[in-house]
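Subject: Structure for you to look at

Dear colleague,

Here is the structure I said I would pass on. My notes on it follow below.

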Amino acid sequence: MMMTLAPERSWLLDRGLLKLVHQCRRLILAEFGVKLHLTDEDLEQRLASYAKQSRSSHLTRTWEELIEQVPELTDEDATPGSEDKRYRGQALTEPPAPASAAEGEGKTRTITYRGRKMVVPAH
């Protein structure tokens, strides 16, 4: 059985670009322990996601170099400021606001603990 690449993935046939993708995959495996496959449907999105989360400047540079050579890899649906806040890879949600500001005054206070805002009783 012969696998065919969709026209959107034809850039993977370029040896130089494939080398960059393999570098990204190796770096992601080393840092996150996740093995990405070239046949994954969402390969581009996952590469971009891990490149954004990475602490490795090498992975970030390799991904940016790949984007420069293949502009259609850029994330069209991402808008500045629309990123979710994350703590250790988990999306953070804001706690519900107190019922009324007057009711919460003097009785509670808001603190940030491990990246999350929490409402706790005032001392």
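I begin with threonine 62, which sits in helix H3. Please keep in mind throughout that this is a predicted model.

Is threonine 62 buried or exposed? Threonine 62 has a relative accessible area of 4%; because buried means under 20%, threonine 62 counts as buried. Its side chain reaches the backbone oxygen of histidine 58 at 2.7 Å. Leaving aside residues up to four places away in sequence, threonine 62 touches Leu20, Gln23, Cys24 and Leu27.

Helix H3 itself covers residues 57-69. Its 13 residues reach 19 Å from the first C-alpha to the last, close to the 18 Å expected at 1.5 Å a residue. At the start of H3, a side-chain oxygen of serine 56 comes to within 3.3 Å of the backbone nitrogen of histidine 58.

Along with Thr62, the residues Leu59, Trp63 and Leu66 are buried in H3. Where do these buried residues fall when H3 is seen down its axis? They lie within an arc of 95 degrees, so they line one face of the helix. As background, an α-helix has 3.6 residues a turn, so residues three or four places apart point the same way. The partners of the buried residues of H3 are helix H1 (15-32) and helix H2 (43-53), against which they pack.

The largest nonpolar core has 19 residues, and those touching the most other members are Trp11, Ile28, Leu36, Leu47, Trp63 and Leu66. H1, H2 and H3 are the elements that give two or more residues to this core. In soluble globular proteins, nonpolar side chains tend to be buried together. For leucine 66, the contacts beyond four places in sequence are Trp11, Leu17, Leu20, Val21 and Leu73.

The other region I looked at is the pair of strands S3 (108-113) and S4 (116-121). These strands run antiparallel and are joined by 6 bridges. They form a hairpin with 2 residues between them, and tyrosine 113 stands opposite arginine 116 in S4.

Most residues other than glycine have a negative phi. Arginine 114 lies in the loop between S3 and S4, and at 55% relative accessibility arginine 114 counts as exposed.

Lysine 107 is found in the loop between helix H4 (101-104) and S3. With a relative accessible area of 56%, lysine 107 is exposed. Lysine 107 and alanine 122 are 15 residues apart in sequence, yet their C-alpha atoms are 5.3 Å apart in space. Not counting residues up to four places away in sequence, lysine 107 touches Val120, Pro121 and Ala122.

Finally, the chain as a whole. The protein chain has 4 helices and 4 strands, and along the sequence they follow the pattern α-α-α-β-β-α-β-β. Buried residues make up 23% of its 123 residues. Of the contacts in the protein chain with a separation of 6 or more, 35% are between residues 24 or more positions apart.

Regards

Methods: Residues are numbered from 1 along each chain as its sequence is written. This is a predicted model: local features need pLDDT of at least 70, side-chain atom pairs count only at pLDDT 80 or more; totals for chains, interfaces and linings use all residues. Side-chain values use heavy atoms; hydrogens and water are left out. Buried means under 20% relative accessible area, exposed over 50%, partly exposed in between (1.4 Å probe, protein chains only). The expected span of a helix is 1.5 Å times one less than its number of residues. The arc is that of the directions from the helix axis to the C-beta atoms. Contact means heavy atoms within 4.5 Å. A polar contact is a pair of N or O atoms within 3.5 Å; within protein, one must be able to donate a hydrogen and the other to accept it, and residues adjacent in sequence count only if both atoms are side-chain atoms. A nonpolar core is a set of buried Ala, Val, Leu, Ile, Met, Phe, Trp, Tyr and Cys residues joined through side-chain atoms within 4.5 Å. Two strands pair if DSSP finds at least two bridges between them.
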